[in-house]
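Good morning, colleagues. Please look at the sequence and the structure first.

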Amino acid sequence: MASEQFFDVGANPIQLKLDRMVFMSRVFNFSAGPAVLPEEVLKEAAEEMLDYRGCGMSVMEMSHRSKTYVEIIRTAETDLRDLMGIPDNYKVLFLQGGASQQFAAVPMNLMKNKVADYILTGAWTKKASKEAKMYGDVRIVATSEDENFSYVPDCSDLEISDDADYVYICENDTIYGNKFKTLPNTKGKDLVADVSSCFLSEPVDITRYAVMYGGVQKNVGPAGVVINIIREDLIRDDVWPGTPTMLKWKTQADDGSLYNTPPAYGIYICGKVFKWIKAQGGLEVMGKRNAEKAAVLYSFLDQSDMFNGTVRAEDRSMMNVPFVTGNAELDAKFIAEATAAGFAELKGHRSVGGMRASIYNAMPMEGVQKLVEFMDTFEKANRA
Ligand SMILES: *Cc1c(COP(=O)(O)O)cnc(C)c1O
């Protein structure tokens with residue numbers, strides 16, 4: 001029905017009537033990724049779908065070498081640089097292959113001495129370290145696996161390898177819901193961080209990182225784009241000898257991420273999200289809002305007799321909030337009733353069980369408040 005109403009067949013047949021689109025039926029989407037995007041961004045993209053600003057075509061249909069598209073990608077980069085305060089000696093690359101591709105690209109591009117130190121805080125560092133082992137000696141210098149990654153180890157005085165090419169972390173583990181509140185003391189070594197699920201969630205000091213990268217489908221845009229921010233001196237020719245052209249960062253750095261066809265439409269949406277964040281007041285405002293949203297959910301969990309958070313209080317993520325009842329049947333009942341009530345994608349990852357609420361930038365406070373009200377009602381109705 002909605003699709004029949006989508007077009008106005010009156011004066012201008014391709015005029016979209018957005019006011020008639022059924023946005024009212026959107027759910028509160030707590031998916032870990034691909035995840036909720038700002039409604040304003042989706043509406044604007046819909047308006048531009050058939051005719052991007054008088055071009056007579058969609059951004060999806062446009063040459064990536066066209067003047068119009070080059071302006072889209074360069075504007076996206078400029079806006080991201082503004083938002084994050086990225087210094088001139090860092091390159092910004094828009095790549096493909098997801099964050100998982102970078103698990104190999106990082107050692108290929110950086111392992112000169114063939115040694116790297118990894119800190120294990122969950123599923124993503126396990127995968128990344130396993131991949132890096134194909135290219136050199138990977139040393140696990142700290143881990144929280146002993147307690148199912150429910151905390152972040154103390155990284156203030158680790159035994160960092162003298163010959164380590166870099167120290168690697170996943171700053172926010174999307175699955176276990178832990179977050180580095182202070183970056184590790186790398187003792188002068190370069191820090192590489194997978195920031196997929198905390199990208200643009202709060203202000204950051206880029207100069208603390210040598211390389212930061214993230215798949216955008218968590219907090220920034222549609223799946224298919226990964227953004228790398230790399231200190232210039234690490235973009236080099238002397239990479240691991242078998243490195244494919246496409247995985248060598250220098251290839252894309254030399255061509256402004258246009259060596260080959262980029263994930264053009266995805267980058268365009270990311271650009272809109274950057275503009276949206278800027279209009280909201282930037283990363284300071286994002287960080288403040290995200291802290292407020294997380295506080296509402298965590299304070300409910302802290303006083304609840306039924307629902308419990310799974311991560312040590314000081315290491316809790318603002319973005320991904322896993323919680324359990326301790327009873328698999330009750331978890332399943334809660335998820336089913338929550339889904340029916342319009343709270344989508346709350347099922348936890350199989351390695352933690354229970355529930356997980358991902359409350360990224362585009363999740364409004366209202367969604368978190370309504371979820372907490374729903375949990376409270378459920379708890380009262382299902383008290384033993
Ligand atoms: C989702 C995720 C990944 C994997 O991303 P893909 O784009 O699917 O490869 C890696 N790291 C973190 C922290 C993630 O959240």
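How many salt bridges does the rule count? The count comes to 29 salt bridges, where a salt bridge is a side-chain nitrogen of Lys or Arg within 4 Å of a carboxyl oxygen of Asp or Glu.

Before going further, a note on the basis of these values. This is a predicted model, in which local features need pLDDT of at least 70 and side-chain atom pairs count only at pLDDT 80 or more, while totals for chains, interfaces and linings use all residues. Residues are numbered from 1 along each chain as its sequence is written, and side-chain values use heavy atoms, with hydrogens and water left out.

One of the salt bridges joins the side chains of Glu44 and Lys272, at 2.7 Å from N to O. Glu44 belongs to helix H1 (residues 39-47) and Lys272 to helix H6, so this pair ties together parts that are 228 residues apart in sequence.

Next, the overall form. The chain has 9 helices and 14 strands; these are DSSP runs, with helices (H or I) of at least four residues and strands (E) of at least two, numbered from the N terminus. The C-alpha atoms fill a box of roughly 65 × 60 × 30 Å along the principal axes.

I turn now to the domains. The assignment, automatic or from a database, gives domain 1 (67-280) and domain 2 (283-381). Their centres, taken over C-alpha atoms, are 27 Å apart.

How much area do domain 1 and domain 2 bury between them? The figure is about 2200 Å², with 53% of it on carbon and sulfur atoms; buried area is the accessible area (1.4 Å probe) that two parts lose on being put together, summed over both. Of the area that domain 1 buries against domain 2, Ile175, Ser201 and Gln280 supply 22%, more than any other three residues.

In terms of contact (heavy atoms within 4.5 Å), 26 residues of domain 1 meet 25 residues of domain 2. Across this interface the rule finds 0 salt bridges. On the side of domain 1 that touches domain 2, H6 gives the most, with 3 residues.
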